[in-house]
2 protein chains.
Amino acid sequence: MLRQTAYHAGAFKQATNSPPVRSGELLGAIELMGAPMPFARNAEIYEEGDPAEYLYKVIEGTVRTSKLLADGRRQVGGFYLPGDVFGLETGDEHAFSAEAIADAKVLVIKRSALIALADRDPDVARQLWSVTCRELGRVQDHILLLIKSAQERVAAFLLEMAERVPAGNAVDLPMSRQDIADYLGLTIETVSRTLSRLEHLSAIELPSSRRIVLRNRSALSRLNA
Amino acid sequence: MLRQTAYHAGAFKQATNSPPVRSGELLGAIELMGAPMPFARNAEIYEEGDPAEYLYKVIEGTVRTSKLLADGRRQVGGFYLPGDVFGLETGDEHAFSAEAIADAKVLVIKRSALIALADRDPDVARQLWSVTCRELGRVQDHILLLIKSAQERVAAFLLEMAERVPAGNAVDLPMSRQDIADYLGLTIETVSRTLSRLEHLSAIELPSSRRIVLRNRSALSRLNA
DNA sequence: CGACCATTTGATATGGATCAAGCGATGTGG
DNA sequence: CCACATCGCTTGATCCATATCAAATGGTCG
């Protein structure tokens with residue numbers, strides 16, 4: 001456990017692994033404005049620096065946002081599963097790029113149309129804001145991940161994914177080790193080693209590299225610290 | 001330099017140090033709704049978990065948002081200078097707490113009133129969204145900071161502060177070393193050592209601990225990598 | 001079957017954390 | 001006005017978690 005500041009304060013609150021924006025009823029009317037588009041595995045949806053003309057909602061598959069740093073490293077901003085909205089980001093242009101991790105179907109919504117609609121319908125405006133606020137919360141949680149130890153990061157990641165793909169205790173990860181590493185700010189080797197260690201600790205099982213069984217969630221939560 | 005992924009791609013874009021939301025003309029009408037409140041140095045403005053009833057805009061002084069982790073570490077979410085808006089965050093309750101670093105004057109705006117106004121005035125709604133998007137961009141940039149080396153983090157921090165307190169090359173930092181460390185995900189010792197190293201490299205001067213003169217910005221930018 | 005790619009595992013190096021001591025500024029009481 | 005405590009910061013020595021370099025393993029596709 002890394003030390004940063006040892007404040008012995010009273011306010012202990014767990015970092016809530018907030019998943020990306022999942023708009024169920026939300027954006028209901030809005031979805032009519034969008035066109036569903038297919039993207040093949042590894043296809044680019046938009047690139048860093050592209051004008052942010054559209055918003056996106058995953059219907060099928062998984063999408064990853066990422067950013068290449070000047071030195072060649074890559075930071076993965078997030079993984080987006082069916083129901084999740086992505087492409088919000090900051091302003092005129094996309095700060096990250098987005099790629100389909102697996103074959104995906106994505107609803108593409110024209111931003112200008114959405115804004116125009118929001119101008120006329122306060123409900124839409126409110127939803128737009130709400131979706132953005134939740135994305136903000138997700139990114140803040142991501143920050144909290146990045147200051148933890150490798151074991152904590154991996155454990156938190158597994159718990160997050162398990163929560164988002166509710167299929168009992170078995171999770172089928174759509175992303176590669178490299179994607180996970182770049183999301184968690186670790187190397188692929190460290191991710192792999194940490195998973196092996198968690199297996200030895202009987203916290204998880206690894207039937208195959210993409211499939212992970214959570215055997216002891218409370219142990220994971222504890223490691224999550 | 002830490003390795004994460006060595007993608008030799010074409011898209012090289014520098015992490016733009018986006019400062020917190022600074023609403024100049026923005027929130028113009030809105031500000032009439034708010035009451036200016038004084039906060040003494042170290043006074044708490046709101047606490048993690050408090051219902052998020054208000055939005056805030058710094059008029060004078062500096063505010064820091066932070067979060068205590070279960071193990072006693074602290075993460076500083078951001079520093080807010082005059083003109084900056086804070087307290088947006090996620091939804092019903094504040095994920096971070098906010099404290100005045102120096103004696104501050106803060107405009108306090110009731111969220112419900114603002115939302116009501118946004119319902120009637122699309123411009124207000126749009127501004128609210130815009131402010132949130134910019135905060136989102138700031139937090140994403142913060143993530144990019146946290147995966148860099150100590151030297152890069154400190155250099156980036158100095159450049160960011162210099163940009164936000166435009167007073168030539170001399171910056172008077174309102175925050176302590178501990179605050180900086182908790183913002184950058186480093187220890188106070190590492191921050192201090194790194195500043196000393198930057199001084200030896202003649203990138204900066206340290207006339208006093210809170211005052212920093214940028215002697216060679218391009219060198220800092222280069223370190224910033 | 002063989003080539004290729006993703007993943008795991010091993011050995012070593014290193015950046016930053018930790019532990020500890022020193023230093024300078026500020027403030028307090030005598 | 002000066003001794004002395006305190007606090008924030010710096011500097012030094014050492015340790016450790018994770019990166020790096022390297023090789024082995026395993027699964028997939030032609």
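In which crossing, left-handed or right-handed, does helix 2 of chain A pass helix 2 of chain B? The crossing is left-handed; that term applies if the near helix is turned anticlockwise from the far one by less than a right angle.

This is a predicted model: local features need pLDDT of at least 70, side-chain atom pairs count only at pLDDT 80 or more, and totals for chains, interfaces and linings use all residues. Residues are numbered from 1 along each chain as its sequence is written, chains are lettered from A and ligands numbered from 1 in written order, and side-chain values use heavy atoms, without hydrogens or water.

**Stop 1: the helix pair**

Select residues 122-146 in chains A and B, helix 2 of each. Helices (H or I, at least four residues) and strands (E, at least two) are DSSP runs, numbered from the N terminus. The two axes come within 9 Å and cross at roughly 15 degrees. Axes are lines fitted to C-alpha atoms, for helices over the stretch in contact; angles run from 0 to 180 degrees between N-to-C directions. The helices are therefore roughly parallel (angles under 35 degrees).

Now show side chains. Residues of chain A in contact (heavy atoms within 4.5 Å) include Leu128(A), Trp129(A) and Leu136(A). Their chain B counterparts include Leu128(B), Trp129(B) and Leu136(B).

**Stop 2: the sheet in chain B**

Move to the open sheet, strand order 9-11-10, paired antiparallel. Pairing takes at least two DSSP bridges. Strand 9 (170-172) and strand 10 (204-208) stand at the edges, so one side of each lacks a neighbour in the sheet. Three bridges join strand 9 to strand 11 (residues 211-214). Pick Val171(B): Ile212(B) stands opposite.

Finish on helix 5 (residues 188-200) of chain B, which packs on the sheet and touches strand 10 and strand 11.

Notes
Parallel < 35°, antiparallel > 145°, perpendicular 65-115°, else oblique.
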